[in-house]
Amino acid sequence: GVLKRVDYSYIKGGTNTPAFSAYKGTITGIADSTTTDAVCDSERFDTDGTYDTSTGRFTPGVIGRYGFYITSRINQALTSTRFQVLLGKNGSNATDAVGNIEGEASGTGTGSYPQVNGFAITDCDDVADYFTMRLWQDSGSDATFYSNNFMGFRIIL
């Protein structure tokens, strides 16, 4: 028999790009009972330059399935305060991520920093689709969120 050599680039498949990881230490002024798009203005990486640090939007420009992870903390002295992280798609909550990424936690007293996070898989149906990190809380006044992280990547099927 004859041994044939095949270039690995023909069989390796695609890559999980575009991908990004963005963060912001403190996000202030999140209004009571209002879902707000958050802006993580620093990046750990952004493989294709598709995350905008000025708007907080990830616009992959590639149709496909994507995985997203969001995490945040709140310093809450009121034990009744609830807060959530959500995935936004084109200015609204991503419908197929509802229930998956809208993790929720409650404050547990003075000096506590409860954390909430979530992971969801959703589709980018149009090259113009964009995704955002969204925050919500019900403390009765504006709140500050800490240790904010927003990450996403294309899933190769």
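I take buried to mean under 20% relative accessible area, exposed over 50%, and partly exposed in between, with a 1.4 Å probe and protein chains only. By that rule I noted Cys40 as buried, because its relative accessible area is 1%. Cys124 likewise counts as buried, at 1% relative accessibility.

I recorded that this is a predicted model, in which local features need pLDDT of at least 70, side-chain atom pairs count only at pLDDT 80 or more, and totals for chains, interfaces and linings use all residues. Residues are numbered from 1 along each chain as its sequence is written, and side-chain values use heavy atoms, with hydrogens and water left out.

I then looked for disulfides (pairs of cysteine sulfur atoms within 2.5 Å). The structure holds zero of them.

Next I listed the elements, taken as DSSP runs numbered from the N terminus: helices are H or I of at least four residues, strands E of at least two. The protein chain has 12 strands and zero helices. Buried residues account for 39% of its 157 residues.

I counted contacts as heavy atoms within 4.5 Å. Of the contacts in the protein chain between residues at least 6 apart in sequence, 74% join residues at least 24 apart.

Last, I turned to Thr35. Thr35 sits in the loop between β1 (19–30) and β2 (36–38). Beyond its neighbours within four places in sequence, Thr35 is in contact with Leu86, Asn93, Arg134, Leu135 and Trp136. From Thr35 to Gln137 I noted 102 residues in sequence and 7.9 Å in space, C-alpha to C-alpha.
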